Amino acid sequence: MRSLYLALALCLSALFALPASAETAAEIVARNAAAIEKPSRQTIGPVIAELAASGDAQAAAILEAWGDKRLGQRKADGAFFIIAKSADGWALTDLAGADAGTAAKGDIAELKPNAGVRGLIATALVQFTLSDPDRAKRVAALESIAKDPKPEALEPLSASVAGEDDPVLRAQKERLVGLLTIRFGATSQARVAAIESFGRDPALDLRAALNPLVATTRIAFAGEPPAGANIARELKPGRDLTEAEAYDLLVAANLAPARLTVDEARHALAANLKDGAVGGVPLADLSRQEARDRAYNALEAAGTVPPAATDAEVAAAVAAHRFAEAYAEPDAAVTAAAAAALGRIGTAVGAMQAADLALDALSLASIYFLAAIGLAITFGVMRVINMAHGEFIMMGAYTGYVVQLWITNYTLSIIVALPLAFAVTFAAGVAMERLVIRHLYKRPLETLLATFGISIALQQLAKNIFGTQARPLTAPAWLDGAWVVNDVIAISYIRIAIFALALVFLAFFLWLMKRTRLGLEVRAVTQNPAMAASMGIDPDRINMLTFGIGSGIAGIAGVAIGLFAKVTSELGSDYIVQSFMTVVVGGVGNIWGTLAGAALIGLMQKGIEWFNPSNTLAAQTYMILFIILFIQFRPRGIIALKGRAAGD
Amino acid sequence: MSRSFFARNPSVLWFILILAVFTLAVTLLSDAYGVAFVSTSFVKTLGKTLCLCLVALAMDLIWGYAGILSLGHMAFFALGGYMLGMWLMYARTEEIVVAALAEGVLPATAEEIRQGIATQIFGVVGASELPPIWVFAHGFWLQLALVVAVPGVLALVFGWLAFRARVTGVYLSILTQAMTLALALYLFQNDSGLRGNNGLSGLQNLPGLGDVSQDRLSVWFLWASAAALGLGYALLAWVVSGKFGSVIRAIRDDEQRVRFLGYTVEGYKLFVFSLTAVIAALAGALYYPQAGIINPAELAPIASIYLAVWVAIGGRGRLYGAVIGAAFVTLVSSWFTGGRVPDLPLGFYTVQWVDWWSVVLGLSFVAVTLFAPKGLAGLFDLWQGLRAPNRRGAPLGPDDGALMEREARE
């Protein structure tokens, strides 16, 4: 019977205890009112933890309001409300989430927790947002943690992994837990395990987590390394660092007196100038460093200036101390694992960087190819130097800009602009051929100059019409963004489109030259106009058409180039030298040569930029030097025409 | 052979006479030595124009006579300016630094002066050490030697590489243009040692002549430029008048044939290329102290093309043509772009010459190339009643680059 009573009592107590543990958030707040009114970082922790653990949906709202300084206390009865500014004071919401009317401004005391408390609140909130039913909020919470990793985030994050049912987010959470563990894990084993778990992942966030672990500072010490220092390697003065650097470390660590600078010496000497001499050295002599040293030593011996370290003392001090690179991270096992992981990643990243560089080079090459393919026709096939080719590119880009003024749908405007640019520059090319170049076929150098005159005029004309500022030529939205393979390899869609366009033009050129009547006649006329004419071909007409097509292609290239470069009147002249280089390096008169030339120049330029990433100017300089040297060995380009076609 | 050089080349005496009269006239009209009719800035413009005439002469020798359309001679011109500018800037800064340090209690050490100069010159590109290429900048004669040596050696090396590989015609033009572009891009870097795109400035202040007014300096420079132009003209007239001149003209007209005749074509071309580069550099060394500032934009490929434009408009293949072209185009250009020409109202549109001058220049250049290949100097032929037989555009020589009028006259 007694046992029965006992069981009943237990059941009853359990019944009574149950509501106690399932207190609502409002009750918890009310119970801890005193602590909440005057919170401090030390005392408020349990209250926040209790709130967070209450399981009440309202707890998150309360914590959020508290952190945002939107929690108020009615002065009359000490009740807490979530407050919002309204016209005549505060609009109140009670802690259960129900509307509680309004209150006058003076009736409510706002709670203003300090930064430390707000930090605790924010951490507690993380777990709510991490398991928020709204997926977008969870994503945002993950992003905010990833952007600004904090030690406090680790625990709630790992707690939320189990409850995550979205596989993508779950993977992200697990990854983030790993990254946070690397940095803030409790034990060295846990951190090493986390580092190992990533293998050779080349992602940026992993490297961002690992790199601070292996960051070192230089330290100087006498005798044994200071306790707790995690030494990466010892440095030998003279080999790993200069004596001056070593001494500066000693000075910085207060292990040696500062060296006398030239400025200080001058001030000291000037201050001790007496009767036209310093320390017995006449003033006129002090224009030599050696005399100044002598004077300073004399002053030092007399005790008027503080002693300065001499070279011998510096050497002795450096010899008496040891120097080392020390990790900022004290845990040796972690730093070793991190260094090993970075080494592993390094090779993977190197391979991917090479791939990315190749993609970049390919895209640059296709831009050069696009700019040069028109020239491959006018210069390569017809041997007409057209210095205004760049201006045709510019005209194409401006055509695109004008079309966009009328047609606001970017996709449609590009579709209209491409043939229109071809038409405009085709007409310009034909006009130029008829009016100028026709008369100069026998005088190539003068063609160069005359077309250059046209280039000056066209450039200034564009300036007069469109002004000097850059005009936008906007790509359609579907060309925005980039194709991202991983953190290292990425290429924008515009560049892919230009690559595709270059391929299309290559195919078009080959088809035109090898498969059409026009191509046949063009080749005939360029090889031997007189013979072609006697076969019934009209050389004038063919020249005109060929030149027009070359110019028209330049116009289309202009639209493509305008999509990623700024459209100015100088757009063309930026490309003209490179375009000619492409054709000349590749080998005049052969489209495959132009392709090879563009590839070579693109690869070269990116390759040189890779050696010296900060300096694209130097890259261009060295590339041009390389081309000048290249012409030495293959004066006729990569793919040289042989036999009669070479025109020798 | 009995006739003297001047008798065979009457244009030399005429040219020097006109140049002397011109210089004297400007001097007498200047602020410093005359009736103050011509402003100092215009005297500087005239002095600079004379330097441009000199470089146009060089261009005429290499293009008009040797048939090599170099699009890199303005690079040599600017290099010459840079070399002399280094001394001007160093010596001038040294004066300022020494004066500033003399204010201090102690006499300055050589090291302090050097440091002061380096900070003064290179503070703008964030460096405080003199780059190694400034090692000669303290000495006028050393740096003057570099004015000749640097462009000369560059031309020699570049020319040797290009001519050895038998790069000719338009290919050579493009290659020289690439060289100019490479040089300009290199100088645009801040760590090139020549102050990046800031260039060298304050060159109009001559070291040691701080108390001489710019009025007088401008006239002195005019004299120097005129003397250089006169000497250059006589030298080039002498170079092209003898057997050497015949060979280089022959190279222009048919390079292969000259080679088969046993001449070392590459050697002749290399000599002409380097000689003209040196002349261009000397012209630049005289030009930039009058301009006062030099920066890498001066090396832009377009500058060299404009040089070709001057020579073509003036009339290539004769020395006075180049001078006329350079003087005419630069003076008219500065007149039009200076905004002093009244606008031309067309009713529906007002032509502002500042905006439209380049268009006119470009088109007139096309017109000259097409209709008057002899350029302005061709007017002298008309005046003398010389006229080429009308061959209806048929070439005279077998080579594409052959000029048409020269043989017709001789």
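Helices here are DSSP runs of H or I with at least four residues, numbered from the N terminus. On that basis Arg517(A) sits in helix H21 of chain A, which covers residues 517-527. The model is a predicted one, so everything below is computed from predicted coordinates.

Phe630(A) leads on to helix H26 of chain A. Phe630(A) is one of the buried residues of H26(A), which also include Leu617(A), Ala619(A), Tyr622(A), Met623(A) and Ile627(A). Gln620(A) and Thr621(A) are on that buried list too. As for its geometry, H26(A) has 18 residues and runs 26 Å from its first C-alpha to its last, close to the 26 Å expected at 1.5 Å a residue. What covers the buried residues of H26(A)? The cover comes from both chains: it includes H24 and helix H25 (591-611) of chain A, along with helix H6 (140-164) and helix H7 (169-188) of chain B.

That brings in the contact between the chains, to which chain A gives 45 residues and chain B gives 44 residues. On the chain A side, the elements that supply two or more residues are helix H13 (262-271), helix H19 (444-466), helix H24 (571-586) and helix H26 (616-633). H19(A) gives the most, with 14 residues. Sorted by type, the chain A side splits into 30 nonpolar, 10 polar and five charged residues.

Elsewhere in chain A, helix H6 (residues 115-130) packs against two other helices, H5(A) and H4(A). Helix H5 (residues 57-67) meets H6(A) at an angle of about 150°, with the axes 9 Å apart. Angles over 145 degrees count as roughly antiparallel, so H5(A) is roughly antiparallel to H6(A). The crossing of H5(A) and H6(A) is left-handed. From H5(A), the contact uses Ala60(A), Leu63(A), Glu64(A), Trp66(A) and Gly67(A); from H6(A) come Arg118(A), Ile121(A), Ala122(A), Ala124(A), Leu125(A) and Phe128(A). By type, that makes eight nonpolar, one polar and two charged residues.

With helix H4 (residues 41-53) of chain A, the axis of H6(A) comes within 10 Å and the crossing angle is roughly 20°. Angles under 35 degrees count as roughly parallel, so H4(A) is roughly parallel to H6(A). H4(A) and H6(A) cross in a right-handed sense. H4(A) brings Arg41(A), Ile44(A), Gly45(A), Ile48(A) and Ala52(A) to this contact, where they meet Gly116(A), Val117(A), Leu120(A), Ile121(A), Ala124(A) and Gln127(A) of H6(A). The residues here divide into seven nonpolar, three polar and one charged. Ile121(A) and Ala124(A) turn up in the contact with H5(A) and also in the one with H4(A).

Over in chain B, Leu28(B) belongs to helix H2 (residues 10-29). Is Leu28(B) buried or exposed? Leu28(B) is exposed, because 12 other C-beta atoms lie within 10 Å and the exposed class takes in 12 or fewer. Leaving aside residues up to four places away in sequence, Leu28(B) touches Gly34(B) and Val35(B). Pro131(B) is 103 residues from Leu28(B) in sequence and 44 Å from it in space, C-alpha to C-alpha.

Key: Residues numbered from 1 in each chain as written. Chains lettered and ligands numbered in written order. Predicted model: local features only at pLDDT ≥ 70, side-chain atom pairs only at ≥ 80, totals over all residues. Contact = placed C-beta atoms within 7 Å. Nonpolar A, V, L, I, M, F, W, Y, C, P; charged D, E, K, R; others polar. Expected span 1.5 Å × (residues − 1). Buried ≥ 20, exposed ≤ 12 C-beta atoms within 10 Å, placed from the backbone. Axes fitted to C-alpha atoms, helices over the stretch in contact; angles between N-to-C directions. Parallel < 35°, antiparallel > 145°, perpendicular 65-115°, else oblique. Left-handed = near helix turned anticlockwise from the far one by under 90°.
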